[in-house]
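Subject: Structure for you to look at

Hello,

Here is the structure I said I would pass on. My notes on it follow below.

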Amino acid sequence: MEIAIAWLPRLLTAAVLTIALSAVVFTLSAVFGLLLSLVHYGREKSLLRRGIEAFSAFFRSVPELVVLFLFFFGGPQIGVDFGPVGSTIIAFALVGIAFDYQVFKGALKAIPFGQYEAGLALGLPKSVVFLRVLVPQILPLARKGWITYAIGTVKRMSIASAVSVSEILYVTKQGIAATNAPFTFLTLAVGLYILIVTPLLVFNERKPRQAVAR
Amino acid sequence: MNILLDPTYQQMLFDGLVMTLIISVVVIVVSNILVLPLAIYMQRPKGVFRGVIVGYSFFARAAPVLALLFALYYGLPRLGIYLEPVPSALIGLIFASTAYNLEFLRSGFESIPAGQLDAAKALGLRPFATYWKVMIPQAYRLAAPSLFSNAIQMVKGSSLASLVAIDELTAASTVIISETYKAIEVLLVVSVFYLLIAAVIIALQYAYESRQTFGRR
C-alpha cells in the first residue's frame, strides 16, 4: 500500500501523458481521416483514391509496434531523429488516419450522392457543401466506429512503452522492476485505463441523438 | 539489402514468422471456439454467470492487451505459477480477443428477430436444433465481418508477444536491427509478411461471404 502511494504521483503524471498523446493522435487521425475520405468524393476508382486505399490497407494490417519501430529506429537511419514521443505520435496518427478514413468513408456512403450534386447545382462552393452538408451528417453516423477506435487508441498508447515513452505502462514496468510487486502496479495501471476509458464508453453506448431530420 | 541475403538473418526471420503464425492461428481458433458457448449462454434472460461474463468482457476490453501480457509474465511467478513464455502469452492474447469476439457474436445473435425463436418452438424444434440450424448460421453471417477483422487484430496483437520474451517476427526484426542498424529494410520486409497474413485472412473472408448466397440484404 505504501508502495502504491509513493508511486502514485509518477503514475498520475504518466496518465496525463497517456491522455495528452491520445488526444493529439485522436485529433490528427480524425482530421486527416476525414479529409482523406472527402478526397475525390464520388470518384472512388481514381488513381489517387487507390493510393489512399493502399496507404490505409498498409497501416491497418501492420502491427502498431512495427510501425512505431519503423519511425523510431528507421528515422535515425535516414538522418531524422523523431525521438520516442515524436515516433509515437507519427506512427499512431498514421495508423489512426488509416482507420478513421475507413470509418468516415463508410459513413459517407450512407449519404445520397445527389445531395452533393444538388449543393453544387445551387452554386455552393465545394468546401461549403462538404462542411455544411456532408460533414454534419457523417459525424453522427461515424460516431460509433470512430469512438470505439479512439478508446482503443488510449489503450494502444501502452505500446509506446516499448520505445520508453513514460506513459502508464512504462512507469508500471519500472515500478514492477523496482519493487517486485507486479499486481499492485498492474492493478493501478488497469484502474487508470478504466478511469480514462469509461467516460468514452458511456458516451458511446448512449442512444444517439437524432441528428438527421427524417 | 544484402543483410537480407544473409542465411543467419533469413533463418531468424523465418523462425519468427513461424512463431507469429503459430500464435495467430492458436489465438484465432481457440478464441472462436470459446466464444460460441459464451455467446449462446448470454442469450438467456437470466443466468448465474451472466454478471461474471459481463464483468470479464468489460475488464478484458478496458485493459490494454500489453498490460494483460505483463500481468501473466511478471505476475504469475509471484503466485508460484511458472509458465513458459509462449503459453503465458497465448493465455493473455486469447483472454483479450475472446472478449471482443463475444461482443460481435452476441450482437449477431441479438440482431435475429425474436419471432424466429417462437417460430422454431412452434415447429417443434428442440433447443439444440434451433440453435444449430436457425440461430448459429445467422449469427455468424451477421458477425462475420467483425470476426474476420478481429482476426487481423489478433495477428497484429501477436507482435506484442515480442515484449514478453517471445521470439516471433517483430522480436526477430529488433534483434537484426540491433546487429545491423538496417531498420528500414528489415521492418519493411516484416511489414510485407504481416500484409500477406492479413491478405490471406481477407481472402478467407471473401470466400466465406461468397458462399453465403441466401438471405442477402
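A definition first: a residue counts as buried if 20 or more other C-beta atoms lie within 10 Å of its own, as exposed if 12 or fewer do, and as partly exposed in between. Please keep in mind that this is a predicted model.

His40(A) has a positive phi of about 50 degrees, although it is not a glycine. His40(A) sits in the loop that links α1 (2–38) to α2 of chain A. Because His40(A) has 15 C-beta neighbours inside 10 Å, it is classed as partly exposed.

The other is in chain B. Ala165(B), not a glycine either, has a positive phi of about 65 degrees. Its place is the loop between α6 (127–157) and α7 (169–180) of chain B. Ala165(B) has 13 C-beta neighbours inside 10 Å and therefore counts as partly exposed.

Now the interface. On chain A, 27 residues are in contact with 27 residues of chain B. Five helices of chain A each give at least two residues to the side that touches chain B: α2 (47–61), α3 (64–72), α4 (74–77), α8 (168–179) and α9 (182–205). The largest share of that side, eight residues, is supplied by α9(A). By residue class, the side of chain A that touches chain B consists of 20 nonpolar, four polar and three charged residues.

Regards

Conventions
Residues are numbered from 1 along each chain as its sequence is written. Chains are lettered from A and ligands numbered from 1 in the order in which they are written. This is a predicted model: local features need pLDDT of at least 70, side-chain atom pairs count only at pLDDT 80 or more; totals for chains, interfaces and linings use all residues. Two residues are in contact if their C-beta atoms, placed from the backbone, lie within 7 Å. Helices (H or I, at least four residues) and strands (E, at least two) are DSSP runs, numbered from the N terminus. Ala, Val, Leu, Ile, Met, Phe, Trp, Tyr, Cys and Pro count as nonpolar, Asp, Glu, Lys and Arg as charged, and the others, Gly among them, as polar.
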